[in-house]
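Let's take a walk through a protein together.

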Amino acid sequence: MARYPERIIKNIKRLNHILGTLVKYGFGYVIDKTRIEKVIKLRIFFKKARKDILHLSPGERIRKILEELGPTFIKFGQILSTRPDLIPVSFCKELEKLQDKAPSLPFNIIKKIIQDEMNEPVEKIFKSISSKALASASLAQIHEATLHSGSKVVIKVLKPQIEETIQSDLEILFYLARISELYLTKYLFADPVQIIREFRKSISREINFLEESKSIKKFTKYFSKDKNVTIPRLFDEYTTKKILVMEKLEGIKITDVDSLRKKKIDPKRIARISARSIFHQIFNYRSFHADPHPGNIIVLNQNKIAFIDFGLTGRLDESTKYILMKLLQALINKDMETLMIYLDKLIMLKDEVSKQEFQIELDEMISDYYDYSLADIDLQEIFEDVFKIMSKYKIKIPSNLFLLIKTLVTMEGIEKKLDPDFEIIKEITPFVKDFLMQEFSLATISKKIKRFAISFYDLVNILPARLDDISDKISQGRLKVKFEFTELNNLLDNLHRIVNRLVYSIITASVLLGSFFIIQTNIKPRLFGYPVLSLAGILFSFVMIVLMIIDIIRTRKH
């Protein structure tokens, strides 16, 4: 049995409550398998499951457990709802219903938190502040206020003792995760401890408003020149770890189609503006608003929307973005072979046989959608089908991609309400084309060549040391190499050819790297604004690379 840590003893009452709630909703058998009751005296607390809730599905009972256990567990459930690689799709859909609402705290408590954070009376900072909460969730509460400058703002205040509650719950979750590793291994697909680590990282960011303020600044910069998107102004001087103050924007909820029409705002135009703004975030900036539900997007006028609440954002690294673009390109072109090649770069499946079976099943599923028109394609339906297959083969993909998928599915739902004829693939296509244009632009190719040249130059620098190391091992009799000679002459010919290619490659890389350094100088004469010497070097390198490629192709044919 896992050692019972001292910090869990301090939370014994909370642990009792958590385990008792599991029993109440019919999951006592899980606790029995962990044998936890042998370490913790819980017999007086354990009760039989309530008969009136046993008719509910397992997913519904899990949702009710999380709601009953409070903010930490509600947030945990919301994150799990985006991870169909960890739990069944039916559970994900149920956890999407989790409501993060809580009664508002008395204003005097909120006022004290603001004063403690600001180190001065509320009246000195705000001309007026509403005592009635605009909204109240499990972690924070929001109030309207007016600054002495006349600016209308909203104040987001972290509720008291939330950090302590979350820390206590995380310690219990880590303990339960370790016990699960010991006794529930055969029932687990993912690493429970790693899941809790990821959750801790996520919720720690969410309860630190300085992190959210960084996101607001970042998105303000992204859309500073965009006429169709507004980001609320952040009042940095009043923002702390527990308080966030930003501009209050007045607008219409994006899915309130009737109100939009009354204001003579075209819902179809708003659908395209909002979709393109998300695609810009994903494909151009690689950072995106990861919680774009209707309450977080408002319409300001005929041509402008605003994103609010940046507590949850996602990010793609450059390589993942590239793979995603290639997948979209293959999907648009109905190129199944390429789709599978790039999907293989994302999925985490080591078993070659299972991978082949997965690809065959996925091929059959996606082929069915190729008969649909763009207007009939439903992203949510496609992803649900894909996730069912992934769950069957126990395939995992990076967590940031699930956040992205959830964002795209949420946005598609919004756009369909604004415009029933909205075609998300059609709207994404221009971004894919722009990406391909950039990929084959002179600037991008030059960057790649320069990167390759530097990498190769580094390799050339390292190579002598590596060869010395091999030489030392040979002289000391410590190098063991197995050879099986079948055709010695062919082996020597191949070795000769490899050495020649290595020499040519070193010369080519050196000339190419030197040419790029010369470009940055003022050496004359110049042609097209560049030194002739650097252009000649690049041309020479290009010819050498082409000749080497031709030589490799010829060798393969023979």
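**Starting inside a helix**

In helix α5, the buried residues are Thr-72, Phe-73, Ile-74, Lys-75, Phe-76, Gly-77 and Leu-80. "Buried" means under 20% relative accessible area, while exposed means over 50% and partly exposed is in between (1.4 Å probe, protein chains only). That makes 7 of the 10 residues of α5 (residues 71-80), so to speak, a mostly covered stretch. What does the covering? The cover on the buried residues of α5 includes α2 (12-24), α4 (58-69), α6 (89-95), α9 (162-183) and α10 (192-206).

Before going on, a word on what you're looking at. This is a predicted model, where local features need pLDDT of at least 70 and side-chain atom pairs count only at pLDDT 80 or more, though totals for chains, interfaces and linings use all residues. Residues are numbered from 1 along each chain as its sequence is written, and side-chain values use heavy atoms, with hydrogens and water left out.

Now zoom out. The protein chain has 22 helices and 13 strands; these are DSSP runs numbered from the N terminus, with helices being H or I of at least four residues and strands E of at least two. Of the chain's 558 residues, 42% are buried. Take the contacts (heavy atoms within 4.5 Å) with a separation of 6 or more: 68% of them link residues 24 or more positions apart.

Next, the inside. In soluble globular proteins, nonpolar side chains tend to be buried together. A nonpolar core here is a set of buried Ala, Val, Leu, Ile, Met, Phe, Trp, Tyr and Cys residues joined through side-chain atoms within 4.5 Å. The largest one has 120 residues, and Phe-279, Phe-283, Phe-358 and Leu-362 touch the most other members. Leaving out residues up to four places away in sequence, Phe-358 touches Leu-343, Ile-347, Ile-389, Met-390, Tyr-393 and Ile-395. Another core, of 15 residues, lies apart from the largest one, and Met-118, Val-122, Phe-126 and Ile-155 are among its members.

Strands get covered too. Strand β6 (residues 243-247) is largely enclosed by the rest of the structure, because 4 of its 5 residues are buried. Strand β4 (residues 152-158) runs antiparallel to β6, and 5 bridges join them; two strands pair if DSSP finds at least two bridges between them. Across this pairing, Lys-156 stands opposite Leu-244 in β6.

Finally, look at helix α22 (residues 532-557), the place of Phe-542. Phe-542 is exposed, with a relative accessible area of 54%.
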